[in-house]
Amino acid sequence: MAEQGEWSTNANEALNISLVQAGQSSPVTLSTFHPRFTYPIFGEEECIFGYQGLKINIRFASHDLLPNVSWVYDKEFKAVNDTKALDIEETLKEWLPEGCFGDYASFKTQIQQDAGAKDWKPPGQLINSYTSRGRNFEIWASELTDPAVQQLIDRIQILVSLFIEGGTPIPLDDQDWSLARWNVFFVYEKLSSLPSPYTSPYSLVGYSTTYNFIPHQRSPPPPSPQKTPQTHTFTLPPSPPFSLSDLPSRARISQFLILPSHQSHSHGTHLYNTLTAHFLSQPQIHEITVEDPSEAFDDLRDHCDYARLTRNNTFAQIHLASSLPAALFRKSPGVRVPTAQLLDLPLLSSLRQKNKLAPRQFWRLVEMYLLSTLPPSVRQSGTARLTRGARSAGEDDRRWFYWRLLVKQRIYRKNRDVLMQLERMERVEKVEETVGEQVGDYERLLRRMKEREVDGDRDGEEVVVGRREPVVGTGGSRRDRGKRKVVDDEESDLEGTPEPKKVKDRAGG
């Protein structure tokens, strides 16, 4: 028998994904790209056995995402006992809707003769439009209870598993009350030059899904029992109908996907800012969170949120104390960092709620902003200028000391269980090392923000966030790549903000 390697094909290279539209005489391919990975479908090795010269084509109509799957190959392996070529249709059919394995010629005819394509519009409501590099784009918002939205998601969400590490599709057969919690935001290019009367003016750029969830509220303690129990009789009035979407809740960004052919053109920035503006306008949404973000998405989120807090003058109201009695910082048992003297905590709490930012994200931005207010010469000095600590003569040196002290306190409290297992000197070194890495991470982000101000309409967003299955263990599997291990954004306070993304022993990020 021939070597097995001769019959193995790299699934990432064999799989081609395309968006097509009606052309003058035959469908026109607008873009073609390969998946980032295929292990959810073809296994950890990402190989397809049993073919030579294999090419699998998944094509989508660029507007309504009508799919078609076809494949060609030079040779197919002849079965030997239980060893046989992979059944491609059987493997892919659980990831795609029914009817997509039809004849490619029929698919082309359907694209070319779709009389409704020229009048087709994305479902939902147009909530934003913008221009990038001379091309026009629109963002549409809709609920997942809309059958037209469900059809689009059912057709396209195989890409979640091909581009989002550990991504899992949304179960569309869920109950209506559960589907009502979901919102979908589509980004489409509005084309101006159409080659055929049957060409739709819309072409998909990307999309995001979000869902609302009602946070657990602690119940107040019951009143003290009265000496003489009293009985009251009353009749409850009939309750009016209501939707779960009307209840006070948090919004969570679940999936966020920009197609590879449209990346690095600021569509991720436009989409994220549109989501944020949408939720800021909804009084029932109290907080905007993100589900299991990757590091790339964190960078995009940091940039957008930082720019927003700069524009709306939130940062202009935040100040770090420049002079406090040195006695407040003496190293004695039971002496705590005077956080309330260093920062106006009630003001910060009010600003966070106004901007609907999760605590972890808000305090991360606050730390980054306060660092930016220090002269570069001070920030680059490390610990060289901290020998006198709170007694330093220079105001900037004292503020540098205060800033580092706040970060140290947050890191220590967040990682206390781990740090207490170390000897005292090792513990001190670990915290100092982590502070240094945090400074480096913030400096990197601040530099990139300045670069993007110069570059203008460009960012480096990827397919960067999504519903993920839990990753078990700490062995650093491929599914850990490119994302932070995080605790829910909303379960943090000033002392529980994120550690630098590359600190190996952080408890959360």
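**A guided walk**

At 36% relative accessibility, Cys 47 is partly exposed. Buried means under 20% relative accessible area, exposed means over 50%, and partly exposed is in between (1.4 Å probe, protein chains only). Cys 304, at 2% relative accessibility, is buried. Zero disulfides turn up in a search of the whole structure. A disulfide here is a pair of cysteine sulfur atoms within 2.5 Å.

This is a predicted model, in which local features need pLDDT of at least 70 and side-chain atom pairs count only at pLDDT 80 or more, while totals for chains, interfaces and linings use all residues. Residues are numbered from 1 along each chain as its sequence is written, and side-chain values use heavy atoms, with hydrogens and water left out.

Now the overall picture. The protein has 509 residues, and 51% of them count as buried. It holds 16 helices and 14 strands. Both are DSSP runs numbered from the N terminus: helices are H or I with at least four residues, strands are E with at least two. Take the contacts with a separation of 6 or more: residues 24 or more positions apart account for 74% of them. Contact means heavy atoms within 4.5 Å.

Helix α5 spans residues 147–156, and its buried residues are Val 149, Leu 152, Ile 153, Arg 155 and Ile 156. Why do they lie on the same side of α5? They cover an arc of only 165° around the axis, which puts them there. The arc is that of the directions from the helix axis to the C-beta atoms. What do the buried residues of α5 pack against? Their partners are β6 (55–61), β7 (67–72), β10 (135–143), α6 (158–163), β11 (182–190) and β12 (202–213). The N-terminal end of α5 has a cap, Asp 146. A side-chain oxygen of Asp 146 lies 2.9 Å from the backbone nitrogen of Ala 148.

Beyond its neighbours within four places in sequence, Thr 209 is in contact with Ile 153, Ile 170, Trp 182, Asn 183, Val 184, Arg 252, Ile 253, Ser 254 and Gln 255.

Next come the aromatic rings. The structure holds 25 aromatic pairs. Rings of Phe, Tyr and Trp (its six-membered ring) pair if their centres lie within 6.5 Å; planes under 30 degrees apart count as stacked, over 60 as edge-to-face and the rest as tilted. Trp 7 and Phe 77 form an edge-to-face pair, 5.5 Å centre to centre with 70° between the planes. Trp 7 lies in the segment before β1 (8–10) and Phe 77 in the loop between β8 (75–76) and α3 (88–92), so the pair ties together parts that are 70 residues apart in sequence. Trp 7 is buried at 11% relative accessible area, and Phe 77 is buried at 8%.

The rings of Trp 120 and Tyr 202 have their centres 6.2 Å apart and their planes at 70°, so this pair is edge-to-face. Trp 120 is in the loop between α4 and β9, and Tyr 202 is in strand β12, 82 residues apart. Both Trp 120 and Tyr 202 are buried.

Arg 59 lies over the face of Tyr 104, at 4.0 Å from the ring centre. A charge sits over a ring if NZ of Lys or CZ of Arg is within 6 Å of the ring centre and within 35 degrees of the ring normal.

Glu 46 is in the loop between α2 (39–42) and β4 (47–49). At 8% relative accessibility, Glu 46 is buried. Its side chain makes a polar contact of 3.0 Å with that of Asn 12. A polar contact is a pair of N or O atoms within 3.5 Å; within protein, one must be able to donate a hydrogen and the other to accept it, and residues adjacent in sequence count only if both atoms are side-chain atoms.

Most residues other than glycine have a negative phi. Arg 133 is not a glycine, yet has a positive phi of about 55°. Arg 133 lies in the loop between β9 (125–132) and β10. Asp 292, also not a glycine, has a positive phi of about 50°. Its place is the loop between β14 (285–290) and α9 (295–311).
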